[in-house]
Amino acid sequence: MKLSRNTRGIGIILLLVVLTLLVAVLSMNVGKMNLSPLEVFKVIIGEGTSKQNLIVFDFRLPRIVLSILVGIGMGISGCIMQSLLKNDMASPGTLGISSGSGLFVLMYITLFASEGLLSPILLPGLAFAGGLTAAFLIFMFAFRRGRDISPTGLILTGVAMGSGYSALSLMMTLRLDKQQYDFALRWQAGDLWGDDWSYIMVLLPWVLIICFYVFYRSNTLNTLNLGNQTALGLGVAIKREFIGLTIAAVALASGSVALGGNFFFVGMVSPHLARKLVGPNHKLLLPTTALVGALVILIADTLTRTISFGADIPTGIIITILVTPYFLYLLSKAS
């Protein structure tokens, strides 16, 4: 029975990989300037025209790669937080991590932004510092001496802190000039703005290295799901593992937020969908969550580039529209 469940899970992961590749290929073909599959194939093998190369390699492919990386980062981050806190509502958005990262990014845009070579490196680093600061403050305010931290209390504290960060962000946004204000507004709505190879080359190792660490600790996450007392009896250093995995979750969310904006629902819903597909085993759950998150953002971004909505709609708005019914379904099941 266990073997068949694992085999089914691996089959679902392979199916999601194929589906992601198919959506990525479709995304390279469609847009304001359509390319046929044959034209895209010629570009890939190096026989495309200069115009076709420009469309694929400079405009569409970076955006596709960024969509996948941001989806992986937000999905895995949400999965870690839900597993550690044993609460299905936990995510970078509900815990205020995304808002904290966003505040630091906005501070950079407002006070220090420049076109210098260091900006691709500084943005994820500053976002990580903001997310880590937010996480520290949230855990500090939720901490009660002599008692375990309540996941519900932690989420409520995160929501309150997130509201405070959003208010500070709004105050800073009002000081921006028109160009900076437009950028900040779209970024807060979830806009894949960092679709440049210089930014992607920073985010790619960031996401891959942290994801490798998290996958390596998948057995630890499985053990922690059994409860702290059981995990302690099995020799798990609970505090050390909790801190390490929390930092990994914050780092993934922060890097994704820095270059892709605040995709609130992706980190919450992706683990739910993945858990329904493959179950709670993190060896299967983590890669499935990563692929579901990547697919959600990739499909939404393809829609924004393909369908005319009468305005240039940020990808995050489309995701909110697509995901809200499922989110309401989760709330109805929980009540």
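Reply: Happy to. Keep in mind that this is a predicted model. Let's start with Leu-259: leaving out residues up to four places away in sequence, Leu-259 touches Leu-66, Leu-123, Asp-191, Leu-192, Trp-193, Gly-194, Tyr-199 and Leu-203.

Me: And which residues touch the most other members of the largest nonpolar core?

Reply: Leu-259 is one of them, along with Val-70, Ile-76, Leu-95, Ile-97 and Val-214. That core has 93 residues.

Me: Which element gives the most to this core?

Reply: That's H3, with 14 residues.

Me: OK, new topic. How many cavities of 30 Å³ or more does a search of the whole structure find?

Reply: The search finds one. About 100 Å³ of space lies in the largest cavity.

Me: Which residues line the largest cavity?

Reply: The lining is made by Met-81, Leu-84, Leu-85, Leu-95, Ile-97, Ala-135, Ile-138, Phe-139, Phe-242, Thr-246 and Val-250. Two or more lining residues come from each of helix H3 (50-85), helix H5 (119-142) and helix H11 (238-260).

Me: How do those lining residues divide into nonpolar, polar and charged?

Reply: Ten are nonpolar, one is polar and none is charged. Leu-95 and Ile-97 are part of this lining, and you met both of them among the core residues that touch the most other members.

Me: Let's talk charges. How many salt bridges are there?

Reply: The count comes to seven. One of them joins Arg-63 to Asp-301, with the closest N and O atoms 2.8 Å apart.

Me: Where do Arg-63 and Asp-301 lie?

Reply: Arg-63 is in helix H3 and Asp-301 is in helix H13 (residues 282-306), so this pair ties together parts that are 238 residues apart in sequence.

Me: Are Arg-63 and Asp-301 buried or exposed?

Reply: Both are buried.

Me: What about Arg-186, which residue does it form a salt bridge with?

Reply: Arg-186 pairs with Asp-191, and their closest N and O atoms are 3.3 Å apart. Asp-191 is buried, because its relative accessible area is 12%, while Arg-186 counts as partly exposed because its relative accessibility is 23%.

Me: Which salt-bridge residues join into one network?

Reply: Through shared partners, Arg-63, Arg-186, Asp-191, Asp-195, Asp-301 and Arg-305 form one network.

Me: Back to Arg-217, what does it touch?

Reply: Setting aside residues up to four places away in sequence, Arg-217 touches Glu-241 and Leu-245. Arg-217 has a relative accessible area of 18%, so it counts as buried.

Me: Last one: where is Asn-6?

Reply: Asn-6 sits in helix H1 (residues 2-29). Its relative accessibility is 24%, so Asn-6 counts as partly exposed.

Me: And what does Asn-6 touch?

Reply: Not counting residues up to four places away in sequence, Asn-6 touches Asn-281 and Leu-284. Asn-6 and Leu-284 are 278 residues apart in sequence, and 7.8 Å apart in space from C-alpha to C-alpha.

Technical notes:
Residues are numbered from 1 along each chain as its sequence is written. This is a predicted model: local features need pLDDT of at least 70, side-chain atom pairs count only at pLDDT 80 or more; totals for chains, interfaces and linings use all residues. Side-chain values use heavy atoms; hydrogens and water are left out. On a 1 Å grid over the protein atoms alone, a cavity is a set of points where a 1.4 Å probe fits but cannot get out, and a pocket is an open set with protein on both sides within 12 Å along at least five of seven lines; lining residues have an atom within 4 Å of a point. Grid points are joined across faces, edges and corners, and a volume is the space filled by probe spheres set on the points. Helices (H or I, at least four residues) and strands (E, at least two) are DSSP runs, numbered from the N terminus. Ala, Val, Leu, Ile, Met, Phe, Trp, Tyr, Cys and Pro count as nonpolar, Asp, Glu, Lys and Arg as charged, and the others, Gly among them, as polar. Buried means under 20% relative accessible area, exposed over 50%, partly exposed in between (1.4 Å probe, protein chains only). Contact means heavy atoms within 4.5 Å. A salt bridge is a side-chain nitrogen of Lys or Arg within 4 Å of a carboxyl oxygen of Asp or Glu. A nonpolar core is a set of buried Ala, Val, Leu, Ile, Met, Phe, Trp, Tyr and Cys residues joined through side-chain atoms within 4.5 Å.
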